[in-house]
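Trainee: I'd like to learn how to read a structure feature by feature. Could you take me through this one?

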Amino acid sequence: MSAQPRPRLAASEPSSSAADPRLADKLRLTVTDTRIMVFKALFSSKKMSPEQKAERKVVRKIDFFILSYAMLAYWSNYLDRANLSNSYLAGMKEDLGMYGNELNQINSIFTAGYIIGQIPQNLMLQVVQPRIWFPAMNLTWGILTLLTAFVKDYKHIMVIRFFQAIAESSTFVGGHWILGSWYKGTELGKRSALFACSAQLGTLFSGIMQAAILETIDGHAGFPSWRWLFVIDCLITVPIAIYGFFTFPDTPATTTARWLTEEEKKLVVSRLPPKAPKEKITLKSLYRVFRSWQFWAFGCLFMVTSMLESFGINSLMGIWMRDPSIGYSRVQANYWPSGFTAVAIVCAVLGGLYTDWRKDRFDVNVFMVICLWISSIILLVYDVPRGVQFFAFYLAGAGYAGQGSNFAWANEACDNDLQRGVTLAGMNVMSGVLNSFYSILLYPANDAPRFRKGMIAMIVCGAVSLVVAIAVRILDRRHRAQKARMSLPPTDSEGGSVKDQAVEDVALAAPQHEKSGAALT
């Protein structure tokens, strides 16, 4: 018996567009118009006014001279830090007769110098012109790096590293301070992220440089490879410092940079939101900064969120791979964690781009916490396929996503240059103090391969990070609402009262009061 043909469903009946050719043509035109609109949004530049073109040109100049120098300086900074560990593994330990925890002692001395130097270094930027101070510190640690190549005892390295740390402490926080002086809020996140990524690039390059030296000039002129590493590090750092002396400007209001015309110097000031007058450094002004909500809120925020970087800070993936129960070779343990660094760089840049687009720095902290919770739970369970374990380690690179954007957030929230400088330094100081014992207690190498204490701590740290980020967001919104209320006239054009809700809307519209016009990034 043959099957009866099934009745055609209503959905399969000829569409009205097929019955009406005009409607079908209209639909095709709509789809075409949509494609053109999307293409223009992605690949076409909006027709700009002469003023907007001039602003875009000056932003490109700022990128070329200021951002490039800041990134090169911070890159050479981390190149130097990574080179010490690489030198230790490349023969310094044997040549200097180092044993026990002497390398840890050197690192502890460096950390102490770095913490001590933070706030004084940023205060110096209020006294000495940045175009002189930054390159001078850059040159100082370059010369000290060269001296390290000639040491005869590990104690010599301890002395050198202490003063080197004080010089290097100018770079990270000072770099964020100078970026916050030159860029709008909608331009700052992505650039802060690129600047922060320079550290990861320096770490990657150090290993490549060490391998190249071993293959080429090891033993040349009687110098082992680890000594050559410091010589070449100096030869890289000094030209960067010289480049800074010739090109790095001061702040927009005081710059004498020759690469800016007189019209452009006026534009770099006028395009930025109004800033409070420069405040002199006195005990009273410092007291005012230290009791401000910005100093403590952003200090606590970076203190806890920087611990989300513990996978990278403590090289957990490399230690895990070299554990006898895991069984990967030294070469694999050197190269495969580079994937973690790559994820960290991508997440930091995307985090900066996203927060600039959203005009809100909060969301990236939620993203970091979720990613680190997933990684930590996987490694806490541990009995999962090896590929899932690798996924967990690589995903942990997302812990760096908010480093640049949180410093951009602090840059925007502060009221004047002195407060910005001290607050940014305080963020790094609080992070350094916590990490000085946090890593030793919770991520010791003998906890490999499971790092159970560390994974539990990471989950708790994620929860605390969320609480602190929410608190900072509330405080920031309240502060911006107060500033908006003070800046708006008390009555409207018809003499009526300005509604409080309208004031709140203005204050919450953007993290920073931007001038009208498109963001020229």
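Mentor: Let's begin with burial: buried means under 20% relative accessible area, exposed means over 50%, and partly exposed lies in between, using a 1.4 Å probe and protein chains only. This is a predicted model, where local features need pLDDT of at least 70, side-chain atom pairs count only at pLDDT 80 or more, and totals for chains, interfaces and linings use all residues. Residues are numbered from 1 along each chain as its sequence is written, and side-chain values use heavy atoms, with hydrogens and water left out.

Trainee: What share of the 521 residues counts as buried?

Mentor: It's 50% of them. As for the fold, there are 22 helices and zero strands; these are DSSP runs numbered from the N terminus, H or I of at least four residues for helices and E of at least two for strands. Contact means heavy atoms within 4.5 Å, and among contacts with a separation of 6 or more, 79% join residues 24 or more positions apart.

Trainee: How do I read a salt bridge?

Mentor: Side chains of opposite charge can pair when their charged atoms come close. The cut-off is a side-chain nitrogen of Lys or Arg within 4 Å of a carboxyl oxygen of Asp or Glu. The whole structure has 19 salt bridges. Take Asp 63 and Arg 60, whose closest N and O atoms are 3.7 Å apart. Both sit in helix α3, three residues apart, about one turn of the helix. Arg 60 counts as partly exposed because its relative accessibility is 37%, while Asp 63, at 17%, counts as buried.

Trainee: Which residue forms a salt bridge with Glu 187?

Mentor: Arg 271 does, with the closest N and O atoms 2.8 Å apart. This pair links distant parts of the chain: Glu 187 is in helix α8 (residues 185-216), and Arg 271 is in the loop between α10 (262-270) and α11 (283-290), 84 residues away. Glu 187 has a relative accessible area of 0%, so it is buried, and Arg 271 counts as buried at 3%. Both belong to a salt-bridge network that also takes in Glu 55 and Lys 184.

Trainee: Is Thr 171 buried or exposed?

Mentor: Thr 171 is buried, because its relative accessible area is 5%. This residue belongs to helix α7. Leaving out residues up to four places away in sequence, Thr 171 touches Ala 73, Tyr 74, Asn 77, Trp 141 and Phe 195. Thr 171 and Tyr 74 are 97 residues apart in sequence, yet 6.1 Å apart in space, C-alpha to C-alpha.
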